[in-house]
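The following exercises are to be worked with the coordinates at hand. Each task is followed by a solution in steps.

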Amino acid sequence: MPSSPAGPQHTETLGVGKAIAVLTSGGDAQGMNAAVRAVVRVGIYTGAKVFFVCEGYQGLVDGGDHIREATWESVSMMLQLGGTVIGSARCQDFRTREGRLRAARNLVKRGITNLCVIGGDGSLTGADTFRAEWGGLLAELLKTGGITAEEAQRSSHLNIVGMVGSIDNDFCGTDMTIGTDSALHRIMEIVDAITTTAQSHQRTFVLEVMGRHCGYLALITALACGADWVFIPESPPEDDWEEHLCRRLAETRDGGSRLNIIIVAEGAIDKHGKAITSDEIKALVVKRLGYDTRVTILGHVQRGGTPSAFDRILASRMGVEAVMALLEGTPETPACVVSLSGNQAVRLPLMECVQVTKDVTTAMNEGRFEDAVKLRGRSFQNNWNVYKLLAHIRPPATKSGYTVAVMNVGAPAAGMNAAVRATVRIGLIHGHRMLAVHDGFEGLAFGMVEEIGWNTVGSWTGLGGSKLGTKRTLPKKHFEEISANISKFGIHGLIIIGGFEAFTGGLELVEGRARFEELCIPLCIVPATVSNNVPGSDFSIGADTALNTITTTCDLIKQSAAGTKRRVFIIETMGGFCGYLATMAGLAAGADAAYIFEEPFSSRDLQANVDHLTEKMKTTVKRGLVLRNERCNENYTTDFIYNLYCEEGKGIFDCRKNVLGHMQQGGSPTPFDRNFGTKMGAKAVAWITGKIKECSRHGRIFANTADSACLLGMRKRSLVFQPIAELRQQTDFEHRIPKEQWWLKLRPILKILAKYNIELDTSETAHLEHLTRKVLVPDATL
């Protein structure tokens, strides 16, 4: 069922004569403000009137000043604030028909027939009930004289679109709910801090995170910090778990570790539905092992703080999609939720999602735990499988007889170490001998290769940069030495974790196979670079961390600009020729413009931007933020743009410039990069193991086909292996970028949110999908 008719739609007039109300309800979540801001601005852009409903459904029932018209400026500076600025409240009145009658009358009197609800499954179910009763409520109001016949006619049906704001990520059908990524940021900050003190005192820490019915936060935290054990409601431990847990903790300590971390979801239970509490676990560890043990309950810290870059972009994209879904809605379209699947915007029938979410709880209550994990969806299952592999399976006594080497190539990126750790540990679980190559291809040529064990990589997930060392050197000029070392160390497969050089180096190795038989071994490239410019993958390890660094810096700079008034900041970001960081940071920080190489610009465009900022200085928002990718244009340098803005802005605004530089490659990896690196490493080893076996003849490995050298990439909704030779056609080698990049489609959103009147291409807006086919198909097993 397509959401928009064929042919171009004029998005700038789509909302003329319509009114949209936006409310946040239920528990707050970081990123709700970004969603509200996007709904308001995109609504106004389409010509619609937009109203804030303050204090959730309570405001809808009480009416009066709680429902007020929003302006463009009223959502300024909201993007970086946690919580919800328009307030949220639990509302008993709306649960009664009397309350819903009052709410309906408040909307009808203002001519509002489009409602955007940002909240959890309870809030969204309430909205659906409201919509189902709408006709009846109007009839009753008409009969009692609450509204006139003309008003009833004008508001004959109500459109509803939901966005899920919940830190638990407990809503089925959506990959990520607004607030989940930020909550993980809060949790990881604390886990990292606790790890340092636990190491000093050789302590065991039991950390309790939120998630009454959903173990997502606990599971990802456990994966991202390499915890010894995790308790989640969806998959309770076996009955003898106490034995198993203590054995596990003792093994970690015997392996040389100075600490243990146990993560508990607040809703953790055993197989019989009995709660497993943090204090119980602590008592058990103290009694049986005598370890110094502490409990930390994180509580409401997880809801607080500023939203992460991911949540701001997610909420902004969903806000745009929500407005489009509302304005294209007809009496026949069911109430829907807008969401992301992979990096695709999707629309899903609201009640189908609510139903599956309820099915999970039912499955848990009935003890059908395997079904509960399946119903949570594919990404939950994959995370759970990787966790079980890394935490519960020990390297086998019998070895595979194969040797796999792992290396980093290119510039350092946060999350590389997490990927190396997963690669080494999963390799050992497969029975391989694992080798670490230091300093990229140069190290492989000069024999800087050593065996690496389980405990060496223990604490690596949270470390930024590259522990193995990384260089940009390409292999071609060292083929003889590299071939000699591959045979000297008996390497059967090579996993290369790195940026564009890892890809071009892989291509060179494949070309060298004709001359050097030693190079005929399976290769797997895992993209890791802050620039996110590797072909064959929508995301690369490290880009999320860099994006958060830039966004945080922009927040600080905006605060300075807001204090001085009438000031425009020009910020230069990294990325080579790839405009990913500049564009995404522009969306996350609310920039007025982002100059990138992929979208050529002229002096006329620069002039238009200056004029735009001049107009902006006449409003109450007297500041500007402009991002420029480092290689967007060789002549229009950061200094040139700075000088131009200074000259043109004389007497209206003054200018400052900031070049962010190498801080963008540093820092400890974000939860996303830790988790992504871990999954990519695990997946790469599983693939290479299969390939080595496939290419094995009489004890020798000979891999000479195109599909024995692949790049593992995230494509739309799944992780896929693609022969690097095939990716050659998709690459612009001169500028080191892929020829097609998915995120360029988000550029119009950046401009619309900065008040430029441009046409929004809706030819690719999401169609309404159904949930069934998504739920029960996990990724290929690891």
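**Exercise 1: Threonine 423**

The side chain of threonine 423 reaches the backbone oxygen of alanine 419 at 2.6 Å, a polar contact (a pair of N or O atoms within 3.5 Å; within protein, one must be able to donate a hydrogen and the other to accept it, and residues adjacent in sequence count only if both atoms are side-chain atoms). The model is predicted: local features need pLDDT of at least 70, side-chain atom pairs count only at pLDDT 80 or more, and totals for chains, interfaces and linings use all residues. Residues are numbered from 1 along each chain as its sequence is written, and side-chain values use heavy atoms, with hydrogens and water left out.

Task: Determine where threonine 423 lies and whether it is buried or exposed.

Solution. 
1. Threonine 423 belongs to helix α14, residues 416-429; helices (H or I, at least four residues) and strands (E, at least two) are DSSP runs, numbered from the N terminus.
2. Its relative accessible area is 0%, so threonine 423 is buried (buried means under 20%, exposed over 50%, partly exposed in between; 1.4 Å probe, protein chains only).
3. Leaving aside residues up to four places away in sequence, threonine 423 touches Val406, Met434, Ile495, Ile497, Gly681 and Val685, a contact being heavy atoms within 4.5 Å.

**Exercise 2: Valine 534**

Task: State which residues valine 534 touches, not counting residues up to four places away in sequence.

Solution. 
1. Valine 534 is located in the loop between β17 (523-527) and α18 (543-564).
2. With a relative accessible area of 1%, valine 534 is buried.
3. The residues touched by valine 534 beyond four places in sequence are Gly498, Gly499, Phe500, Phe503, Pro527, Thr529, Leu711 and Pro738.

**Exercise 3: Positive phi**

Task: Give the phi of glutamate 55 and of glutamine 202.

Solution. 
1. Most residues other than glycine have a negative phi.
2. Glutamate 55 has a positive phi near 60°; it sits in the loop between β2 (49-53) and α2 (56-62).
3. Glutamine 202 has a positive phi of about 50° and occupies the loop between α6 (180-201) and β6 (204-209).
4. Glutamate 55 is partly exposed at 34% relative accessible area, and glutamine 202 is partly exposed at 38%.
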